[in-house]
Amino acid sequence: MAKMRFNHMELTLPLGTLTDDYRAEVREFYGDVFGWTATDTQILKQTALLLSTDPATSQFILLAEHKEPMAPPPFDHLGLLFDTREEVDTCLAKCEAWQEKDPRVEIKRYNDLVMPTVTVHAFYVRHLLPIHLDVQCMERPEGVAAPSGRWVWVED
């Protein structure tokens, strides 16, 4: 079977959501916390907002308006994988700083999920989008290798 990876996720929002103010808030939060860039893009006869997670890849989240928008699910989420606990904790600290000035930032803290071959260190955050982001790292005990065939990012 051919190998694949995720390319994008489209989230539909209620008609009238993608105002200039909303776009600015999305750019500011997701740019500061995750380093994402937000670009207005013409698609489906509207100006949608494309959140690029990494300029070197084609991974993005597309925000588009629709008459039947996505309803915020309670625990459905998109997972973001960091390499280290410190990176997750730094991201959490940024989210907490945002939450102090904007109560719309929702954070769900979790205890580490400890299993024999991996410990997952994570939290959920949701702000402005109709889905949570599961921000996590996976730590393996010494001598336990990561699964083979996984994606690995290499710096040029």
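Predicted model: local features only at pLDDT ≥ 70, side-chain atom pairs only at ≥ 80, totals over all residues.

Visitor: How far apart are the closest N and O atoms of Arg104 and Glu25?

Guide: Arg104 sits in the loop between H2 and strand E6 (106-109), while Glu25 belongs to helix H1, so this pair links distant parts of the chain, 79 residues apart. A salt bridge needs such atoms within 4 Å. Arg104 and Glu25 do form one, and their closest N and O atoms are apart by 2.7 Å.

Visitor: Is Asp102, which forms a salt bridge with Arg104, buried or exposed?

Guide: The closest N and O atoms of Asp102 and Arg104 are 2.8 Å apart. Buried means under 20% relative accessible area. Asp102 has 11% relative accessibility, so this residue counts as buried.

Visitor: Which residue forms a salt bridge with Arg126?

Guide: Arg126 lies in strand E8 (residues 119-126), and its partner is in strand E6, 20 residues apart. The side chains meet with 3.1 Å from N to O, and the partner is Glu106.

Visitor: Now to the aromatic rings. What kind of aromatic pair do Phe29 and Trp98 form?

Guide: By the ring-pairing rule, the count comes to six aromatic pairs. In the pair of Phe29 and Trp98, the centres are 5.3 Å apart, with 80 degrees between the planes. Planes over 60 degrees apart count as one particular kind, so the pair of Phe29 and Trp98 is edge-to-face.

Visitor: Where do Phe29 and Trp98 lie?

Guide: Phe29 is buried, with a relative accessible area of 1%, and Trp98 counts as buried at 9%. Their pair links distant parts of the chain, 69 residues apart. Phe29 lies in helix H1 (residues 20-34) and Trp98 in helix H2.

Visitor: Which residues gather in a patch of negative charge on the surface?

Guide: One of them lies in helix H2 (residues 85-101), namely Glu86. Glu86 is exposed, with a relative accessible area of 54%. The patch is made up of Asp83, Glu86, Glu87 and Asp89.

Notes
Residues numbered from 1 in each chain as written. Heavy atoms only, no water. Patch = residues over 30% accessible without salt bridge, like charges linked within 9 Å, V, L, I, M, F, W, Y side chains within 5 Å. Areas by Shrake-Rupley, 256 points an atom, 1.4 Å probe, with all protein chains shown as cover. Lys, Arg positive; Asp, Glu negative; His and termini not counted. Charge placed at Lys NZ, Arg CZ, Asp CG, Glu CD. Helix = DSSP H or I, 4+ residues; strand = E, 2+ residues; numbered from the N terminus. Buried < 20%, exposed > 50% of the residue type's maximum accessible area, 1.4 Å probe, protein only. Phe/Tyr/Trp six-rings, centres within 6.5 Å; stacked < 30°, edge-to-face > 60°.
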